[in-house]
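Please examine the following protein chain with its sequence and model side by side. The explanation below leads from its aromatic rings to its strands, helices, cores and disulfides.

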Amino acid sequence: MIRPSASFFCQISESGEGSALAQAAKARRRKVMQKNSLLKVAAALSLMSAAGVAQADTMRIAHGFPAQSIVDDTFKTLAQHVEENTDLDTEVFALTVLDLKQASPGLTSGVADSTMLLTAYFPSEFSEQNFVADLTMVANLGERPTSIGATVGGALMEYVTMQCPECVGQNLAQNQIGLAFAPGSQFSLLCKEPISSVADVRGRAIRGPVSVFRRWAETMGASPITISANEVFDGLNQGLVDCTINAVGEMSNLSLFDVVGGITPGMPGGTFGGSGIGQLNLDFWLSLSLGDRKAVARGMSKATAFMVTGYMKQEVLDLQTARDQGIAIVEADPGLQSATKAFIKDDIETIKAIYRDDFGLENVDEKVETFIGLLEKWKALTDPLDPTDTEALTELYWTEIHSKLNLETYGLN
């Protein structure tokens with residue numbers, strides 16, 4: 001039986017770009033991770049062959065978002081699929097068991113079997129995934145995707161599950177496997193006054209949710225501000241912040257209709273790439289039969305598509321509500337668009353340097369090339385789809401990604 005739990009509002013806060021501690025400890029961390037990975041593989045394989053391994057009878061899903069949110073509805077969708085296609089019961093706990101910062105250690109220790117992992121909260125543990133997650137703005141070079149969430153989600157999932165053994169190893173070191181990422185819609189400027197040019201941006205106090213968007217604000221001549229999402233309303237209301245960079249759908253989530261006077265859709269663009277909705281406890285995964293693993297994997301395709309299309313639907317609703325309330329919807333002028341494209345191209349090298357120097361990642365040039373290739377592949381796959389068509393996106397993710405995984409060994413090699 002699915003048992004949702006009520007909770008209160010919680011939002012993503014900021015993550016940093018790395019630290020001196022990360023730099024100093026990178027060699028030790030790599031050695032520890034490699035050792036832990038080898039030990040975990042040996043233990044996992046032993047578990048798989050052991051006659052007395054207990055079969056899980058309940059899938060416990062605990063996430064750090066409020067009840068009745070898109071994330072909560074996403075996990076209820078997953079839970080319903082699992083119950084309809086396996087003998088497992090499910091329990092869904094919204095925020096009451098794990099908050100966002102407890103997600104990874106809670107999953108590692110088995111407090112939950114599945115959770116929503118925001119990898120930016122854990123920069124060292126998931127540096128390989130965060131590296132490509134920071135490249136979401138690159139999807140807007142050339143032709144913009146019809147749905148950046150669908151494009152980036154597909155590219156991230158294929159990269160992490162099929163193209164990045166280091167990503168699998170980092171998950172394994174945390175007693176986890178990662179199956180799915182569900183980014184939202186294009187990030188936009190939600191401002192007290194309409195903004196459409198570089199001159200409009202210059203001198204403003206702009207809140208960026210993660211470091212790449214704060215770098216964009218600084219490059220455009222603004223003052224980047226770091227506050228958590230649940231402080232945005234007060235920041236705008238009190239004049240401490242002129243704009244926040246968020247998906248348009250956050251107008252509803254953050255109750256911003258009374259404090260925003262102008263929306264610049266899709267500027268600066270990009271999205272939050274570290275939305276790991278498919279994180280599972282490794283021991284739980286190993287306890288499942290092959291048939292149940294297939295059902296869970298297909299459920300992840302469905303849940304990812306549900307969340308991605310849900311954000312697109314919310315954007316349409318919030319834009320219409322904004323128009324009805326007299327909030328100006330303005331387009332970025334050619335100068336701001338051109339300056340943003342130049343920033344995106346330059347920032348690729350900044351991102352490479354951060355993850356190479358602060359986190360010790362290797363072969364960063366090749367990894368960026370691989371990921372950009374996947375972004376182009378997934379643009380071509382998702383652009384023909386209606387961006388709100390959940391069923392079509394579900395089938396695409398299943399056909400191209402989850403159905404191709406060797407579910408007997410995935411996460412162990």
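**Aromatic rings**

Tyr 121, Phe 122 and Phe 126 are linked into a cluster by ring pairs. Rings of Phe, Tyr and Trp (its six-membered ring) pair if their centres lie within 6.5 Å; planes under 30 degrees apart count as stacked, those over 60 as edge-to-face and the rest as tilted. This is a predicted model, in which local features need pLDDT of at least 70 and side-chain atom pairs count only at pLDDT 80 or more, while totals for chains, interfaces and linings use all residues. Residues are numbered from 1 along each chain as its sequence is written, and side-chain values use heavy atoms, with hydrogens and water left out.

The count of aromatic pairs comes to seven. In the pair of Tyr 121 and Phe 122, the ring centres are 6.4 Å apart and the planes stand at 65°, so the arrangement is edge-to-face. Tyr 121 and Phe 122 are both buried, where buried means under 20% relative accessible area, exposed means over 50%, and partly exposed lies in between (1.4 Å probe, protein chains only). The rings of Tyr 355 and Phe 359 are stacked, because their centres are 5.2 Å apart and their planes are at 25°. Tyr 355 and Phe 359 are buried as well.

**The chain as a whole**

The chain has 15 helices and 11 strands; helices (H or I, at least four residues) and strands (E, at least two) are DSSP runs, numbered from the N terminus. Of its 413 residues, 57% are buried. Among contacts with a separation of 6 or more, 81% are between residues 24 or more positions apart, a contact being heavy atoms within 4.5 Å.

**Strands and the open sheet**

An open sheet is formed by six strands in the order S7-S6-S8-S5-S9-S11, with mixed pairing. Two strands pair if DSSP finds at least two bridges between them. S7 and strand S11 (328-329) are at the edges and have a single partner strand each, so one side of each is left without a neighbour in the sheet. S6 and S7 run parallel and are joined by three bridges, and Ile 206 has Pro 224 in S7 as its bridge partner.

Strand S3 (residues 114-118) is paired with strand S10 (residues 275-281) in the antiparallel sense over four bridges. Within this pairing, Thr 115 has Gln 279 of S10 as its bridge partner. S3 is largely enclosed by the rest of the structure, because five of its five residues are buried. In a regular strand the side chains alternate between the two faces of the sheet. From S3, Ser 114, Met 116 and Leu 118 point one way, whereas Thr 115 and Leu 117 point the other way.

**Helix H8 and the cores**

Helix H8 (residues 211-219) is mostly covered, with seven of its nine residues buried. These buried residues are Ser 211, Val 212, Phe 213, Arg 214, Arg 215, Trp 216 and Ala 217. They pack against S5, helix H7 (198-201), strand S6 (205-207), strand S7 (223-225), S8 and helix H13 (334-357). After H8 comes Gly 221, with a positive phi near 90°.

Trp 216 also belongs to the largest nonpolar core, which has 104 residues; Leu 189, Ile 206, Trp 216, Leu 280 and Tyr 397 touch the most other members. A nonpolar core is a set of buried Ala, Val, Leu, Ile, Met, Phe, Trp, Tyr and Cys residues joined through side-chain atoms within 4.5 Å. Another core lies apart from it and has 17 residues, among them Ala 229, Leu 236, Leu 254 and Val 259.

**Disulfides**

The structure has two disulfides, each a pair of cysteine sulfur atoms within 2.5 Å. Cys 164 is joined to Cys 167, with the sulfur atoms 2.2 Å apart. The torsion about this S-S bond is about 80°, so the disulfide of Cys 164 and Cys 167 is right-handed. Cys 164 counts as buried at 1% relative accessibility, and Cys 167 does so at 0%.

The other disulfide joins Cys 191 to Cys 243, S to S 2.1 Å. Its torsion is about 110°, so the disulfide of Cys 191 and Cys 243 is right-handed. Cys 191 lies in strand S5 (residues 187-191) and Cys 243 in strand S8 (residues 243-247), so the pair ties together parts that are 52 residues apart in sequence. Cys 191 and Cys 243 are both buried.
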